[in-house]
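Okay everyone, thanks for coming. Have a look at the sequence and the structure on the screen, and then I'll walk you through what I found.

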Amino acid sequence: MKLTRRNLIKSAVGIAAGASLPASILAQAPLNMITIPSSGQQVPHIGIGCRNYRGSLNSAEMPVFRDTFATFHQGGGKVVDTSPNYGNSEEIIGHIMRDQGIRDDLWIATKVDREDRESGIERMENSFALLGGESFELMQVHNLRGTETQLETMKAWKQQGRFRYIGITTSNDRQYSAMEAVMNAHDLDFIQVDYSLGNRNANDRLLPLALDRGIGVLVNLPFGRGRLFNAVGDRPLPDWAADIDASSWAQVFLKYVMSHPSGAIPIPGTTKPHHAEDNLNAARGRLPDATLRAEMERFIDPLL
Ligand SMILES: NC(=O)c1ccc[n+]([C@@H]2O[C@H](COP(=O)([O-])OP(=O)(O)OC[C@H]3O[C@@H](n4cnc5c(N)ncnc54)[C@H](OP(=O)(O)O)[C@@H]3O)[C@@H](O)[C@H]2O)c1
């Protein structure tokens, strides 16, 4: 069952109209959920990106990675994005999930980044070996590498139940036309694209197309890799932040992404427990409406 454009917009408006709550109560509230268009499955409206989970399993950073994951999981987080392309991120995530016994609670997305069929298969089998489990929720073609070839294998494996969803990713405007062509040519469950308050180009064509075709959206670089934090510096939050229950700049930036009518799910990259907690809180409380989204854009543009 595909959700219609009208239903998705209705659900986004419903969240935006939610009641105002004190921050202490909000922090304990369940995460806002979002519906995956191609299945109707509900997932929390925020994920975590694991591009920076790298290094030896004995490194001094491992306990911090573990705590970050525990914070994310205990706070109700589910959507985890990684790739064989991120150093040994899959190995680290797989290790942490086994250690904490949380593999089955999480919604795992990874990627394939090879041109030819055989090396794509080898890469995807290796992801299964490292991340564990019989299936992943989402397999994505990383940066459109070998798209047609990899999608053929991915569609077959989806049929076999090895992936619940399939998709494609980019974080580069120069790939947007190619991305659009693939979205029109194939039945995809997801795209993953860079979109943020400071980089709104995906809204020209890709996000409206995703909405029209019932394709779910994961959003990478929701902070522009930190560029947005640099832009606001140590400025206090504007008064309107309280109107969307945002108590940090990270929550302001994430709520902007989440309020796109496509139901976009941001996957902020973090390796710090307090950042994971902060980011989860973006999926609580209200979202900006169209008027406030425009005000947020007017606020940030002169600072970039
Ligand atoms: N083409 C692709 O498929 C593609 C490309 C790029 C990224 N991605 C995916 O998207 C994810 C996100 O992208 P990204 O990690 O490159 O960039 P990002 O999410 O825009 O920014 C990550 C940066 O923000 C910091 N941060 C996170 N939460 C914060 C908070 N609450 N307050 C202050 N700073 C905070 C992180 O630092 P700490 O680690 O110290 O928290 C890190 O330096 C990646 O991890 C990856 O999974 C996919």
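Predicted model: local features only at pLDDT ≥ 70, side-chain atom pairs only at ≥ 80, totals over all residues.

How many residues surround the ligand? There are 29, and the closest are G49, R51, N220, A250 and G269. Which helix gives the most to that shell? That's α12, residues 273–281, with 3 residues. If you sort the shell by class, you get 16 polar, 8 nonpolar and 5 charged residues.

Now the sheet. Eight strands make up an open sheet, and going across, the order is β3-β4-β5-β6-β7-β8-β9-β10, with parallel pairing. Which strands stand at the edges? They are β3, at 47–49, and β10, at 265–266; each has a single partner strand, so one side of each is left without a neighbour in the sheet. The partner story for β10 goes like this: β9, residues 216–220, pairs with β10 in the parallel sense over 2 bridges.

Let's move to β7, residues 163–169. Of its 7 residues, 6 are buried, so β7 is largely enclosed by the rest of the structure. On one pairing, β6, residues 136–141, runs parallel to β7 and is joined to it by 5 bridges. L138, for instance, has Y165 in β7 as its bridge partner. To get from β6 to β7, the chain goes through helix α6, residues 147–159, in a right-handed β-α-β crossover.

Then there's the pairing with β8, residues 190–194: β7 and β8 are parallel too, over 3 bridges. Here G167 has F190 in β8 as its bridge partner.

As a rule, nonpolar side chains in soluble globular proteins tend to be buried together. In this model, the largest nonpolar core has 71 residues, and the ones with the most contacts inside it are V80, I191, V217, V219, F253 and I265. Which helix brings the largest share of this core? It's α11, residues 249–258, with 8 residues. Helix α11 is mostly covered, with 10 of its 10 residues buried. Among those buried residues are W249, A250, F253 and K255. What do they pack against? The list is β9, α9 at 227–232, α10 at 240–243, β10, α12 and α13.

Leaving out residues up to four places away in sequence, V80 touches G47, I48, C50, I93, L106, W107, I108 and A109.

Last stop, P288, which sits in the loop between α12 and α13, the latter being 290–300. Is P288 buried or exposed? The cut-off for buried is 20 or more other C-beta atoms within 10 Å. P288 has 21 C-beta neighbours inside 10 Å, so it counts as buried. Its contacts, again skipping residues up to four places away in sequence, are I244, K255, Y256, S259, R293 and M296. As for A109, its C-alpha atom is separated from that of P288 by 27 Å, and the two residues are 179 residues apart along the chain.

How values were computed:
Residues numbered from 1 in each chain as written. Near = placed C-beta within 6 Å. Helix = DSSP H or I, 4+ residues; strand = E, 2+ residues; numbered from the N terminus. Nonpolar A, V, L, I, M, F, W, Y, C, P; charged D, E, K, R; others polar. Pairing = 2+ DSSP bridges. Buried ≥ 20, exposed ≤ 12 C-beta atoms within 10 Å, placed from the backbone. Right-handed = clockwise from strand over helix to strand, strands pointing away. Contact = placed C-beta atoms within 7 Å. Core = buried A, V, L, I, M, F, W, Y, C linked by C-beta atoms within 7 Å.
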